[in-house]
Amino acid sequence: MLTRDRLRLIRRRLVQVAPVIVLATFIVFGLQQLVPGDIAVTLAGDNATDARIAEIRALYGLDRPFLAQYGHWLWGVLHGDLGKSLLSGEVVLDSIFRRFPVSLLIVGCALALSLAIGIPLGILAATRPGSRVDAFVTSIASLGVALPNFWLAMLLVATFALNWTIFPATGAKPLSAGLGPALLHAALPSIALAAGAIAEVARQLRSSLVEVLSSQYVRTLHAKGLSPAAILWRHGLKNVSVNLLTVIGLVFNRLLGATVVIEAVFAIPGIGSMVVHAAIHKDFPVIQGVVLALVLIVIALNLLIDVLYTVFDPRIGQK
Amino acid sequence: MVTADSPPLLDVRGLGIFFRTAAGEVQATRDVSFRLEAGERLGIVGESGCGKTVTGLSILGLLPRAQSRVVGAVHFEGRDLLSLSPRALRGVRGREISMIFQEPMSALDPVFTVGEQIAETLRVHRRMGRKEARERAVEALAQVGIPLPSRRVDEYPHQLSGGMRQRAMIAIALSCEPRILIADEPTTALDVTIQAQIIDLLVDLSARTGTALIFITHDLGVIAETCTRMLTMYAGEVVEDAPVDSALERPRHPYTSGLLRSIPRLSARKSLLPSIPGRVPSPADMPAGCRFRPRCAHGVAACAATQALLDVSDARRARCIRQAELDLPGAIA
């Protein structure tokens with residue numbers, strides 16, 4: 001339902017995010033200048049003369065001032081042109097469209113896992129505060145947050161792929177290859193990614209639900225004669241939904257970042273391995289294109305969450 | 001007033017409330033006994049920390065189960081509420097006995113409309129469809145004097161003023177026409193002019209529907225205006241139980257007398273009363289014998305023994321060994 005209040009909220013947010021996008025891409029562009037290494041040397045090949053390197057630099061506009069390079073790139077973006085990879089010559093937008101679905105499948109599975117496991121755990125702990133169940137969930141959650149996901153990933157590969165060969169150790173299959181093979185390949189990376197997210201969802205949900213269940217309005221609900229089940233499922237969950245949405249947003253952003261490492265471990269041709277490869281070789285157009293895509297996705301998700309806030313909490317988004 | 005052949009509507013006997021704390025179990029109230037007749041308006045008065053609120057909550061079993069223990073009996077229509085199953089108790093809450101609270105903003109669920117919160121009470125206790133429950137919610141809002149009830153029914157608590165919220169709270173509590181309404185400091189958080197309106201509304205509704213009121217407050221002025229009986233609590237004990245008029249005129253316990261003389265400046269925020277030195281002892285640190293003795297100007301050697309609630313007359317009791325001999329000043333000097 002796009003009410004007038006919500007449309008106004010979306011308009012206001014869009015105005016706010018424009019400078020964020022420019023700033024994010026500008027910072028990434030700036031960081032590349034600080035990192036050692038030169039793609040012209042790579043492109044020129046072995047035993048290239050200084051003159052040849054300078055020629056290549058001029059060819060790709062790498063000899064121009066920093067602001068001019070950035071301005072040129074930004075101008076292209078405004079016209080829907082993210083440029084071409086300096087290394088492979090492939091159109092950046094095409095690579096992004098090819099590789100993003102691979103990463104999104106893993107991140108999506110990880111998010112689904114973290115909600116499917118984290119939410120029941122959080123509810124279980126919150127409805128029995130101080131009990132053994134609560135202590136168990138809390139310690140599992142601490143463990144999940146503390147485990148480095150690349151280490152967990154290697155452990156999973158060693159056990160389930162190399163030892164028992166239930167899952168493939170590396171690679172990915174797109175959804176177009178069929179749901180079964182795609183999920184089979186996505187399973188281990190998703191689990192490795194999800195461990196921390198499950199813990200985060202369970203912990204956050206537990207603490208906000210405990211707070212809601214001990215609130216004065218919940219005491220009123222008891223005084224009205226409602227059953228604990230009705231109080232939990234009807235009132236408890238609606239009251240924590242805003243917190244839960246916030247956690248989902250944060251977890252999604254983090255998963256998107258963490259997939260860079262996980263894709264490296266599993267040799268998955270997603271957006272993460274693409275940006276790592278580009279960063280090592282200073283392939284500017286690719287790095288910029290991926291960063292822009294990530295920023296846009298994060299911003300779009302946050303906007304969606306902002307709108308959803310107003311659905312669950314009538315106090316948000318009004319004049 | 002109390003006759004042998006008609007049992008009272010509510011009969012609280014020897015109510016003792018214990019809380020588990022890190023330092024062990026402490027007793028918050030001891031031997032609290034009182035009766036409430038149908039249609040009666042009972043005021044429970046005392047300073048903060050005297051056990052008024054926990055007494056009200058314990059009647060409906062609303063104290064946190066994991067951290068509290070309640071002994072004694074609360075007889076209501078032939079049943080002891082303290083020994084009812086959780087399921088049976090839910091059938092009493094909101095239908096037979098309702099409760100309203102001090103802070104109407106935090107006592108209402110912020111993400112449900114006022115109408116939904118009234119309707120769900122009706123739907124829990126009466127088999128009722130959504131449409132009918134909504135119509136009844138509008139009627140309930142009109143009954144508590146909320147203007148434009150058919151519009152207010154779809155508004156959220158934050159869209160209402162403090163007084164309107166408390167009216168909505170009362171509408172929820174009275175939606176199932178309960179026999180008893182427990183009002184815990186219902187006007188403390190409101191402006192003075194709104195306070196008077198809410199009190200008038202409660203008295204008016206209780207007179208019209210025959211709902212008995214238990215009015216928990218630190219404000220003796222409110223009790224003088226609204227109640228028929230007055231129960232004075234001090235340090236977890238009932239120290240005086242009397243008809244309001246006679247208690248105001250001639251209190252039988254030095255604490256009641258001290259409270260009455262403090263009326264003009266009595267405030268919940270201040271823990272010191274102008275006419276009574278000292279402050280309420282904490283539950284973990286109760287004086288032996290008469291609990292009021294350290295603050296009392298009339299103490300004698302016999303006060304060192306544990307005091308019983310003594311009969312003053314048929315309708316009056318006081319927990320003071322000198323109740324017959326002392327001539328204590330009341331509110332009407």
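Four strands of chain B make up an open sheet, in the order S2-S1-S4-S5, with antiparallel pairing. The model is a predicted one. At the edges of this sheet stand strand S2 (24–36) and strand S5 (79–80) of chain B; each has a single partner strand, so one side of each is left without a neighbour in the sheet. The partner relation between S2(B) and strand S1 (residues 10–21) of chain B is antiparallel and runs over 9 bridges. Within that pair, B:Ile17 has B:Thr29 of S2(B) as its bridge partner.

Another pairing in chain B involves strand S6 (97–100). S6(B) is joined by 4 bridges to strand S7 (residues 180–184) of chain B, and the two run parallel. Here B:Ile97 is bridged to B:Ile180 in S7(B). In a regular strand, side chains alternate between the two faces of the sheet. Both faces of S6(B) are covered. On one side B:Ile97 and B:Met99 are buried, and on the other B:Ser98 and B:Ile100 are buried too.

S6(B) also has a part in the contact with the other chain, supplying at least two residues of the side of chain B that touches chain A. Helix H2 (86–92), helix H3 (104–107) and helix H4 (114–125) of chain B each do likewise. The largest share, 3 residues, comes from H4(B). In total, 23 residues of chain B are in contact with 19 residues of chain A. On the chain B side, these residues divide into 11 nonpolar, 7 polar and 5 charged.

Taken as a whole, chain B has 11 helices and 12 strands. Its radius of gyration is 20 Å, close to the 20 Å that the globule rule gives for 333 residues, so chain B is as compact as a globular protein of that length. Along the principal axes, the C-alpha atoms of chain B fill a box of roughly 65 × 45 × 40 Å. Of its 333 residues, 48% count as buried. Among the contacts in chain B with a separation of 6 or more, 65% are between residues 24 or more positions apart.

Is B:Ala297 buried or exposed? B:Ala297 has 11 other C-beta atoms within 10 Å, and a residue with 12 or fewer counts as exposed, so B:Ala297 is exposed. The C-alpha atom of B:Ala297 is separated by 8.0 Å from that of B:Pro254, a residue 43 residues apart from it along the chain.

Terms used: Residues numbered from 1 in each chain as written. Chains lettered and ligands numbered in written order. Predicted model: local features only at pLDDT ≥ 70, side-chain atom pairs only at ≥ 80, totals over all residues. Contact = placed C-beta atoms within 7 Å. Nonpolar A, V, L, I, M, F, W, Y, C, P; charged D, E, K, R; others polar. Rg over C-alpha atoms; globule rule 2.2 N^0.38 Å. Buried ≥ 20, exposed ≤ 12 C-beta atoms within 10 Å, placed from the backbone. Pairing = 2+ DSSP bridges.
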